[in-house]
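Subject: Handover of a structure and the findings from it

Dear colleague,

Please find below the structure that I am handing over to you. My notes on what was found in it follow directly after.

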Amino acid sequence: MKRIVPYLLLLLSIRVMGQNTNNIDITGKIYDQKTGVGLPGATVHIKGTTHEVVTDKDGRFRFLTGQKLPVVLQVSYVGYQAREVAENTSRNIDIWLAETSSQLNDVVVVGYGTQRRKDLTSAISTIKAAEVAGTPVASFDAQLQGKAPGLQINSNAGVPGDGIFVRVRGTTSINADNNPLYIVDGVFVNNTSLQTVNSGGRSTSPLADINPADIENIEVLKDASATAIYGSRGANGVVIVTTKRGGFNARSKLNLDVSTGAAWAPKLWDLTTGPQHAALVNEFYTNSYQDAVAANDPAGINKYKTQPFIGSALNPGVTTGRGTPDLQKTYDRLHEIFRTGNLQNYNLSLSGGNKETRYYLGGGYTRQEADIKPLYFQRVSFKLNVDEKVNEYIQVGVSNNFSRTFRNQGRAGDGPAGGLLQSALHTPTYLPELNADGTPARWAGFDNLQVLLKNYNVNTVSLRYIGNLYFDAQITPELKFHSTFSLDYNNYNESEYWNNLTQLGAPPTNGLATSTITQSSTWINEQTLSYRKNFSGRHNLGVLIGNTVQSNPVNITFAQGSGFPSNAYKNISSAATRTSWDSSRKANLSSFFARIDYNFANKYYVELSGRADGSSKFGVNNKWGYFPSVGVSWRAKEETFLKKVDAISDLKLRASYGITGNQSGISFYASQGLWSGGYGYPDGSSGDQPGAAPFQLSNPNLKWESTKQANLGLDLGLLNGRITVDFNVYYKYTSNALLLLPIPGITGFTNYYSNAGEISNKGYELGINSVNIRNGAFTWQTNFSISGNTNKVEKLPAPIYQYNRNWIVMQQGSPLYSFWLYKQLYVDPKTGASVFEGQVNGTLPASARQVMHNAMPKFFGGINNTVTWKGFDLSVLFSYQYGNYTYNLNKFFGEGGGTRDANRVIFSDQLRRWQKPGDVTDVPRVTAYGLSYTIDQNSRFLEDASFIRLRSLTLGYTIPRRITERLKVETVRVYFSGTNLLLLTKYTGPDPEANVTGIETVQGLDLGTPPQPRTIQFGLNITL
């Protein structure tokens, strides 16, 4: 950078000295060609310069510039055809724009630049932030469900600020990260959770630190032609976020948006009552005793001869002190923990600009209570974007986002200790919350719910800065230099305290406190030099070259204490036993990239790009990876045989091929041989001497995981763009998959990082946008998308099993997220016993276990209808998935019929069990014998989780301008929005999208996870 600055200063001085000192004054007005009404907010740009203005409320503009005549004015306005007008004299001019439904001239953000949509050779989807603004979620990625073809979004839990499952064209990796790369105003932001606190497998979303109200547009880059320019980070797709900015020569606007609402769980689990629970357990003991006698099993006869809740006919007069089933009470813990949460959202922004400066300032406050107590999410944010034109050729600017995010974070997932929902859901309904003496009751396995609700203390505070500083120099009208320095800094502070009434802090621990502070930074310096030139009016050439330097240091400090004098002491310094450790790590990346694009007569397009990345994560023999791509397209509409076909407004064929890479999700030092300290050894003196031991085996040949992708696409416009079709088919093949492979223990290690797997994804995407009616004050638009993806593990040295009891398997020839189960065929109506495929003489050999379905949908998408009439606007979005399966672990534990001890919950579905010969059901006779309840991997709990969800509904009304003008207000809009208002699914749990953990390799397991809430909001938006 030090070498570049003098060169730039020299260029600047040359350009300044050569500037024209005679200013020209151009004024004018932009009109709607049909109505003759002026268009406010239209952009007028002098081609080849940074000089740009925005029309006022009447559509007028003025340029006072040092440019020499003639100049070319580029005029654009959303929903209208862009125009270029050559101006030879300094005068007042009128420019008329024709309305269009076509989006061909819309500017799309691509890697390191922008392009017109009609010039794209790649597969890119654009989402306007205003379309999803009404969805009350903590992070913007959750708002995108159903909005773009090929983009799969699952909200796995109903906890605000929790992690979101996001996939662009399938899952490409096993051990490495599968999330897309997120870029916010040119800043490569971290999307890996810094969480270290155990929350039952769930993890937080770093994207929740960004206020969705500050976002203008979101572009999703999907094929290799679009993503290869990002090289090692493009294999999983790229999501480019552009935040709001002011306008040059635009008057100041003050905007206030306020909304408040409520959130609640629309469906909960159906549990047995206390009497029903006791009766089922007694039945289980009776049946088990009979089967023990039949099997001549003395241990079973002794164990099951006495029923827990009454002396049975087998042992008259014997009781356990629990009383008969009809005497049992019912304690409804679910309605104690679930609540109607409050939603609050306040956003205030100021934007505008003059001839040299434009600005955007935004402040926001969000508080969202989860549908389970006591969890909530709170964010305070501040946004500042400033752009300054130093002169006609130099522009500098900054983008800044500051936020403080607080989470009252819960254990919502697996693990009984400290589990909020586990305590409410899996504790039997007949068990009381208090002992006879009034003290909190303690039951084996789970915490007392009231103890947790009154003493829950798990908190996280995230202080986040995301920003950059850029410098642009328009060296010539065709040549532009861009330099930027960006930083993503996150101070992530976690604390938890468990007093001696909880399981984690109970004696002999006597209180447990932990504190973790993680500091993560990602800084990037980039330079690009771009050239764009039109030759002879028909040849259009663009060239881009650039380099990137990136570093990502992470520091962690951890402290823990136990043994507190009383529950009044919570600081670790008060603990009798204290431990601590710290760690630091850093990864570096250096890159060079280039792109060339050419089109002839806006008809034939070709684009070539390449990137070279060098990463410190990989072995000395493979530090560098190379990622090329090529894209071509043919705008057939520009051919003579189609130009006069009025019904077809656009027809373009696209093809692309490229290679992208992946280095995310693996250790910073994955290739290196590591030693670790802390291994003290005795030497016969008073204490241990400091020592070190081998920690990780080196692999100097570890290299990049790479994904090859081919794409064929069709863009079709009909009826002057009133109907547009975007269709793509693709094939992705990942090789050199980054894996942790097991090695013999004799080496002194258990595993090491290697490249040893291959995965394929193939699929299709279809997006259809239509303007169904546009008649005066009434409009009706529809956006429909459907996507399908087929995943397959092509090569894997050995199967990899996931989660407890190995419910999920990754093996060669099967998709990722496949379930590995024993298939229950039916329940025998004669005996009530489960019958399994492959069953031999009442036993199940291991060979009978098989892959059954997987967690990924066969197809998914969304349909959105938007209707406007006069001041009213209505938007209705449905999202859907089909063919995805979920293993219902809540049901697995809740339908044990007493087999999992009397102190485990029983779901009401257990009442459908087989009881007598002739009963037809899929719930077997309750007994401890046979296969019915002794096979943990039973397919009976694997359910079709396909769904159609009314994702969001928004109804608004904008008060007529004639009224607001009297109040000196530009616009006033009131609105109502609701989410998750309707759910159609066969899945028996509350939420078919639920997943127990944030682990990359696990999807489709539902356990202890609160469902997504149903929400309603009322809001007010005012612009001054």
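A search of the whole structure, which is a predicted model, finds 35 aromatic pairs. Rings of Phe, Tyr and Trp (its six-membered ring) pair if their centres lie within 6.5 Å; planes under 30 degrees apart count as stacked, over 60 as edge-to-face and the rest as tilted. One of these pairs is formed by Y456 and W498, which is edge-to-face because the ring centres are 5.5 Å apart and the planes stand at 85°. Y456 lies in the loop between α8 (449–455) and β22 (458–474), and W498 in strand β23 (residues 479–498), so the pair ties together parts that are 42 residues apart in sequence. Helices (H or I, at least four residues) and strands (E, at least two) are DSSP runs, numbered from the N terminus. Y456 counts as buried, at 12% relative accessibility, and W498 is buried with a relative accessible area of 3%. Here, buried means under 20% relative accessible area, exposed over 50%, and partly exposed in between (1.4 Å probe, protein chains only).

Y887 and F941 form an edge-to-face pair, with 6.3 Å from centre to centre and 75° between the planes. Y887 belongs to strand β48 (residues 885–888) and F941 to the loop between α10 (889–894) and β49 (942–944), so this pair ties together parts that are 54 residues apart in sequence. Both Y887 and F941 are buried. Ring pairs also link W807, Y887, F892, F893 and F941 into a cluster.

Two arginines are placed over aromatic rings. The charged end of R367 sits over the ring of Y376, 3.9 Å from its centre, and that of R585 sits over the ring of F668, 5.0 Å from its centre. The criterion is that NZ of Lys or CZ of Arg is within 6 Å of the ring centre and within 35 degrees of the ring normal.

I turn next to a sheet. Four strands form an open sheet in the order β40-β41-β42-β45, with antiparallel pairing; two strands pair if DSSP finds at least two bridges between them. β40 (800–802) and β45 (850–854) stand at the edges with a single partner strand each, so one side of each is left without a neighbour in the sheet. On average, neighbouring strands of this sheet are turned by 40° against each other, direction ignored. β40 pairs with strand β41 (residues 808–810) in the antiparallel sense over 3 bridges, and Q802 stands opposite I808 in β41.

Some backbone details remain. A cis peptide bond joins K373 and P374, with omega about -10°; P374 is in the loop between β19 (357–369) and β20 (376–389). The peptide bond from P507 to P508 is also cis, with omega near 10°, and P508 lies in the loop between β23 and β24 (512–535). R805, in the loop between β40 and β41, has a positive phi near 65° although it is not glycine, and it counts as partly exposed at 35% relative accessibility. N841, in the loop between β44 (834–836) and β45, has a positive phi near 50° and counts as exposed at 79%.

Residues are numbered from 1 along each chain as its sequence is written, and side-chain values use heavy atoms, with hydrogens and water left out. In this predicted model, local features need pLDDT of at least 70 and side-chain atom pairs count only at pLDDT 80 or more, while totals for chains, interfaces and linings use all residues.

Yours sincerely

Notes:
Axes are lines fitted to C-alpha atoms, for helices over the stretch in contact, and angles run from 0 to 180 degrees between N-to-C directions.
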